[in-house]
Amino acid sequence: AKFDLIILNSKVVTASDISTCCIGIKSGKIRTLVDEFTADELQGVEVIDAEGAYVMPGGVDAHVHLCQDLKTGPHGLGGECADNFETGSRSAVAGGTTTMITFATQTRAEEDRSLLSVVEAYNARAEATGSYADYGFHIIIVRNDADVLENELPILMKDWGISSCKLFLTYETQKMTDSQLLDVMFAARKNLITTMVHAENGDMIRWLTDKLESKGMVAPYYHALSRPPLVEAEATNRAIALAHLIQNPILFVHVGSALGAASVRKAQTMGLPIYAETCPQYFHLTWNDLKRFHSPTCFENSKMICSPPPPPDASDQEDLFTGLQNGTFTIYSSDHCPFRYDHPNGKPSGVLEHKPSMEGEKHCHGDELQDLLKRKKGSFKLIPNGIPGVETRLPLLYTGALATGRITPQKFVELTSTNPAKLYGLYPTKGTIMPGSDADLVIWHPDTEFTPFRLTNSMLHHNVDYTPYEGTEFVNWPKYTILRGNIVWANGKLQGKPGDGKYLKRGPSQLSRSFSKTSVDPRYVASWLYE
Ligand code: URP
Ligand code: ZN
Ligand code: ZN
Ligand code: ZN
């Protein structure tokens with residue numbers, strides 16, 4: 001047959017257009033987009049009738065933490081990552097995501113000095129279980145060893161197709177000084193590697209945390225007060241200045257405040273190649289959600305702790321929505337960083353002196369908490385940062401931004417698939433629907449035929465025992481997820497298997513003009529560096 005799979009009655013959405021047509025798929029690739037197929041062409045071919053619903057390129061989630069264990073920890077606070085490649089990718093495809101870029105993390109332990117051996121170790125973890133979705137790695141770099149940067153970055157790019165690294169301005173075990181950051185940015189630039197920056201001022205956080213603790217303000221809610229938006233804005237401004245000096249493009253990960261977004265916007269207006277990522281938690285949670293449970297001081301609120309924290313209130317969220325519409329934000333990722341609540345190395349770790357028993361005890365109780373506060377055992381600062389969300393990412397954006405008219409369907413696709421594919425060198429294999437592209441698709445329900453429902457964690461496919469979005473109403477959900485022509489999720493059921501996903505070698509960013517030696521703008525302070 002000419003085709004392996006045909007999708008009829010599609011409202012095909014790309015970052016630029018919406019077109020009512022049918023899709024023909026062959027050997028895992030989009031082969032054609034046409035008005036209709038002939039009876040001959042349809043003969044014996046598997047057919048999905050999209051019933052006029054949106055058909056979008058499969059989600060590309062460029063910020064997913066999997067298999068980061070106690071030693072590496074996603075942020076140096078310990079904590080045991082609840083999802084491996086099997087459970088995390090299972091959750092991804094059930095929410096319409098077909099590509100994940102996850103983190104391979106260097107640590108300051110001597111055995112993790114080599115970036116290559118770190119990547120090999122993470123890849124072994126992925127291969128141990130297999131993945132339901134295609135995947136690649138960003139490398140997290142926490143030290144500036146000249147030999148490692150010089151020898152290994154070219155190999156990472158050439159042999160592994162790793163074209164992005166993440167650097168930290170906070171977390172004691174990960175943050176670097178400005179000159180160390182410059183070292184890595186300079187080396188990354190030479191290798192066409194895009195630098196991702198976690199922008200929070202670690203010293204401001206430490207100072208505020210000490211002050212809060214001295215007043216006994218140690219409950220999870222105070223995590224937010226230890227990181228007001230200014231903390232993000234300062235670090236953002238500083239990283240922009242460093243990038244300006246080096247003349248490399250940077251991507252700010254998980255921008256969570258209006259003030260942070262304003263710093264990004266200002267640099268973009270100056271013409272600098274500054275990109276920004278934002279995440280669902282910054283549109284669906286606020287400071288109040290850190291005191292949502294039994295009482296403001298209930299440690300169950302540790303479930304909502306992430307960094308940067310959610311914004312203070314709804315007016316900040318409105319500003320962030322503006323950034324989604326007007327291009328300040330380039331991509332929308334989950335920052336899926338899963339910890340269990342019922343696990344001693346999960347969300348309660350470091351908080352309760354006793355370990356919560358695995359059966360039954362689901363939240364802290366009054367007396368225990370009083371006792372805890374009196375003895376000032378534990379603190380928000382010891383709770384692992386991060387919340388799960390790889391599965392809810394697309395449905396939350398659909399519900400909160402697309403269905404409410406805040407963004408167009410094309411903008412939805414740009415933020416969730418096309419731009420992450422371009423930024424991280426996967427386009428047009430990933431990120432669009434056109435002949436030759438991988439047949440990675442998410443097919444929604446026709447809006448008129450979907451009965452809104454309230455989410456409970458039992459509906460999700462991650463290995464986490466809670467969702468921050470418990471009880472949230474959703475107005476749509478992916479009906480089908482298709483990975484390279486294979487239906488991996490259909491009508492609420494997984495059909496794929498952990499071996500379906502394959503490793504993706506990526507190229508340099510396709511968003512910035514090439515930043516080769518010759519493209520240095522002599523008006524910049526550091527141009528002589530490249531002569
Ligand atoms: O709280 C968060 N975002 N945890 C994940 C680690 C990181 O910094 O992305
Ligand atoms: Zn981060
Ligand atoms: Zn993260
Ligand atoms: Zn409680």
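Helices (H or I, at least four residues) and strands (E, at least two) are DSSP runs, numbered from the N terminus. By that definition, the protein chain of this predicted model holds 14 helices and 19 strands. Local features here require pLDDT of at least 70 and side-chain atom pairs pLDDT 80 or more, whereas totals for chains, interfaces and linings use all residues, and side-chain values use heavy atoms, without hydrogens and water. Residues are numbered from 1 along each chain as its sequence is written, with chains lettered from A and ligands numbered from 1 in the order in which they are written.

**Overall fold**

- Along the principal axes, the C-alpha atoms of the protein chain fill a box of roughly 75 × 65 × 45 Å.
- Of the 531 residues, 61% are buried, a term for under 20% relative accessible area, against over 50% for exposed and in between for partly exposed (1.4 Å probe, protein chains only).
- Among contacts (heavy atoms within 4.5 Å) with a separation of 6 or more, 78% join residues 24 or more positions apart.
- The accessible surface comes to about 19400 Å², and carbon and sulfur atoms account for 52% of that area; the areas come from the Shrake-Rupley method with a 1.4 Å probe, and for residues only the protein chains shown count as cover.

**Zinc ion (ligand 2)**

- Lys-166 (NZ), His-198 (ND1) and His-254 (NE2) coordinate the zinc ion (ligand 2) at 2.0 to 2.2 Å; donors are N, O and S atoms within 2.8 Å of the metal (3.2 Å for Na, K and Ca), and sites may look incomplete because water is not among the atoms.
- Along the sequence, the donor residues of this ion are spaced K-x31-H-x55-H.
- Distant parts of the chain are linked by the pair of Lys-166 in strand 9 (residues 164-168) and His-198 in strand 10 (residues 194-198), 32 residues apart.
- Lys-166 is buried, at a relative accessible area of 2%, and His-198 is buried at 1%.

**Zinc ion (ligand 3)**

- The zinc ion (ligand 3) is coordinated at 2.0 to 2.1 Å by His-63 (NE2), His-65 (NE2) and Asp-335 (OD).
- Four donor atoms surround the zinc ion (ligand 3), and the arrangement is tetrahedral because they subtend angles of 88 to 125 degrees; four donors count as tetrahedral if all angles lie between 85 and 135 degrees.
- The spacing of the donors along the chain is H-x1-H-x269-D.
- His-63, in strand 6 (residues 59-64), and Asp-335 form a pair 272 residues apart that links distant parts of the chain.
- The zinc ion (ligand 3) and the zinc ion (ligand 2) are 4.1 Å apart.

**Backbone features**

- Asp-335 has a positive phi of about 50 degrees, although it is not a glycine.
- Asp-335 lies in the loop between strand 13 (331-332) and helix 12 (366-375), and is buried with a relative accessible area of 7%.
- Gln-247, also a residue other than glycine, has a positive phi near 65 degrees.
- Gln-247 is placed in the loop between helix 8 (229-246) and strand 11 (250-252), and is buried at 11% relative accessible area.
- A cis peptide bond runs from Ser-307 to Pro-308, with omega near -10 degrees; Pro-308 is in the loop between helix 10 (281-284) and helix 11 (314-326).
- The peptide bond from Tyr-427 to Pro-428 is cis, with omega near 0 degrees, and Pro-428 lies in the loop between helix 14 (409-423) and strand 14 (441-444).

How values were computed. Tetrahedral: all angles 85-135°; square planar, octahedral: opposite > 155°, others 65-115°.
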